[in-house]
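Here's a quick briefing for anyone opening this one up for the first time. Have a look at the model, then read on.

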Amino acid sequence: MARPGRARQFRGVKRAAILSGALQAFARDGFSRASIDTIANEAGVSTRTIYKHFTDKATLFTTVITESAATVAAQHTALVERHLDAVAARDQVEPALAAFAHAWLSDTRQPEAHRALIRQVDTETDHLSAEAVAAWWQAGPARVRAELAARLRRWAEADLLRIDDAERAAVHFARLISATPGPPGTPTNTRGGKDWITAGVRAFLHGYHA
């Protein structure tokens, strides 16, 4: 008889394989087109094994997108801490925000599969459950926004910025630094991208200066 610890380890390995295979399948094919058979092939397991771990495809998708978002959010939260936690004077605010914005938007640690998965969420919202979208949002973007808002609130309390609603200010900051010329997806060169980020930071500070 297999030892309980070894059995749990085996189940953990199988679960990880399923999630990895599902991430690739969902990122490539989307939620609607990715079948359980396809996911099983990607993961190197049987469909029966998948159903032992997950009730259905919707549950599997929710788990995949939530865990992927949480991983990326942890990386971005680390950027918030690294660039914004040491700010203690007004003259440190702009360079800190600029450094954070550049690092945040140019973060190359996100796996391409995760980026593709998020694009699928944007295009398949009508086919996804509200619970799946909410779970992704809370695990990823909302967590990073909350961390950013916490730093902005702290700066307001220290009279470094004038902010009444830190959550709203965090949204304004994110939108301003990510703005680009032309329609969504318009490419910019490295210099052009930096100029747009710098302009976004300055527009933010113009609205929230103390």
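Which helix supplies the largest share of the lining of the second largest pocket? That would be α4, with five residues. Before going further, bear in mind that this is a predicted model, where local features need pLDDT of at least 70 and side-chain atom pairs count only at pLDDT 80 or more, while totals for chains, interfaces and linings use all residues. Residues are numbered from 1 along each chain as its sequence is written, and side-chain values use heavy atoms, leaving out hydrogens and water.

**The overall picture**

- The protein has ten helices and zero strands, counting helices as DSSP runs of H or I with at least four residues and strands as runs of E with at least two, numbered from the N terminus.
- Read from the N terminus, the order is simply α-α-α-α-α-α-α-α-α-α.
- Along the principal axes, the C-alpha atoms fill a box of roughly 65 × 40 × 30 Å.
- Of the 210 residues, 39% count as buried; buried means under 20% relative accessible area, exposed means over 50%, and partly exposed is in between, using a 1.4 Å probe and protein chains only.
- Take the contacts (heavy atoms within 4.5 Å) with a separation of 6 or more: residues 24 or more positions apart account for 70% of them.

**Surface and charge**

- The accessible surface is about 11800 Å², and 53% of that belongs to carbon and sulfur atoms; the areas come from the Shrake-Rupley method with a 1.4 Å probe, and for residues only the protein chains shown count as cover.
- There are 27 positive and 22 negative side chains, with the centres of the two sets 8 Å apart.
- In that tally, Lys and Arg are positive and Asp and Glu negative, with His and the chain ends not counted; each charge is placed at NZ of Lys, CZ of Arg, CG of Asp or CD of Glu.

**The second largest pocket**

- Its volume is about 150 Å³, meaning the space filled by probe spheres set on grid points that are joined across faces, edges and corners.
- A pocket here is an open set of points on a 1 Å grid over the protein atoms alone, where a 1.4 Å probe fits, with protein on both sides within 12 Å along at least five of seven lines; lining residues have an atom within 4 Å of a point.
- The residues lining this pocket are L19, S20, L23, V64, E67, S68, T71, V72, P111 and H114.
- Both α1 (4-33) and α4 give the lining at least two residues each.

**Two residues in α4**

- H76 sits in helix α4, which covers residues 57-84, and counts as buried because its relative accessible area is 7%.
- Leaving aside residues up to four places away in sequence, H76 touches F100, W104, D107, Q110 and V144.
- L79 and A103 are 24 residues apart along the chain, yet their C-alpha atoms are separated by 7.2 Å.

**A residue in α7**

- A135 belongs to helix α7 (residues 130-139) and is partly exposed, at 24% relative accessible area.
- If you skip residues up to four places away in sequence, A135 touches T62 and T66.
- From A135 to A74, 61 residues apart along the chain, the C-alpha separation is 15 Å.

**Loop residues**

- D159 lies in the loop between α8 (141-157) and α9 (166-178), and is partly exposed with a relative accessible area of 45%.
- D159 has a positive phi of about 65 degrees, although it is not a glycine.
- G182 is in the loop between α9 and α10 (190-208), and counts as exposed because its relative accessibility is 57%.
- G182 and E167 are 15 residues apart in sequence and 27 Å apart in space, C-alpha to C-alpha.
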